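Visitor: I would like to go through this structure with you, one question at a time. Could we begin once it is in view?

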Amino acid sequence: MSMDLNFWKYKEGAVHDDGRVYERACCDGERMEELEGLPIKEILKKVASVFFDWTALSDSQYEKEGRGSFEIFTTSQIVRFDCYGMQEKDMNLLVDILIDFGCPLYDPQISERFDGWTDR
């Protein structure tokens with residue numbers, strides 16, 4: 001089973017159009033005016049730290065026998081994890097990392113963004 005997990009942060013006062021952001025920023029890699037820039041290097045460092053016991057095939061590809069694999073796609077504004085055969089608890093670790101950076105999960109499988117998780 002594969003699943004993609006998508007994250008971004010809207011600028012203050014920006015109109016939220018999650019489906020449009022997903023298609024243009026997360027799928028096509030477009031820069032969008034309504035999105036904040038993200039500290040991508042810090043995020044990738046945190047991923048490497050949390051998944052230290054996984055095999056890093058590159059800075060953007062990780063795998064662990066019996067636990068699946070994931071690839072990371074980033075621009076300066078979004079982070080997308082393409083997860084393959086991963087357990088829910090491991091995918092939740094990815095979600096937790098981005099919540100710490102103020103970025104809620106957008107799940108394109110159900111067209112829902114979980115903004116309430118990062119409202120602090």
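Guide: This is a predicted model, and for what follows, a residue is called buried when its relative accessible area is under 20% and exposed when that area is over 50%.

Visitor: Which residues of helix α2 are buried?

Guide: Helix α2 spans residues 40-50. The elements covering the buried residues include β3, β4, β5 and α3. The buried residues themselves are Ile40, Ile43 and Val47.

Visitor: How many disulfides are found in the whole structure?

Guide: A disulfide requires two cysteine sulfur atoms within 2.5 Å. For Cys26, which counts as buried at 0% relative accessibility, the nearest cysteine sulfur is that of Cys27, 6.5 Å away. For Cys83, buried at 1% relative accessibility, the nearest is that of Cys26, 13 Å away. The search of the whole structure accordingly gives a disulfide count of zero.

Visitor: Is the ring pair of Phe51 and Trp54 stacked or edge-to-face?

Guide: Phe51 is buried at 2% relative accessibility, and Trp54 is buried at 6%. Their ring centres are 5.2 Å apart and their planes stand at 85°, so the pair is edge-to-face.

Visitor: And how are the rings of Tyr62 and Phe70 arranged?

Guide: Tyr62, at 6% relative accessibility, counts as buried, as does Phe70 at 1%. With centres 5.0 Å apart and planes at 10°, the pair of Tyr62 and Phe70 is stacked.

Note on methods. Residues numbered from 1 in each chain as written. Predicted model: local features only at pLDDT ≥ 70, side-chain atom pairs only at ≥ 80, totals over all residues. Heavy atoms only, no water. Buried < 20%, exposed > 50% of the residue type's maximum accessible area, 1.4 Å probe, protein only. Helix = DSSP H or I, 4+ residues; strand = E, 2+ residues; numbered from the N terminus. Contact = heavy atoms within 4.5 Å. Phe/Tyr/Trp six-rings, centres within 6.5 Å; stacked < 30°, edge-to-face > 60°.
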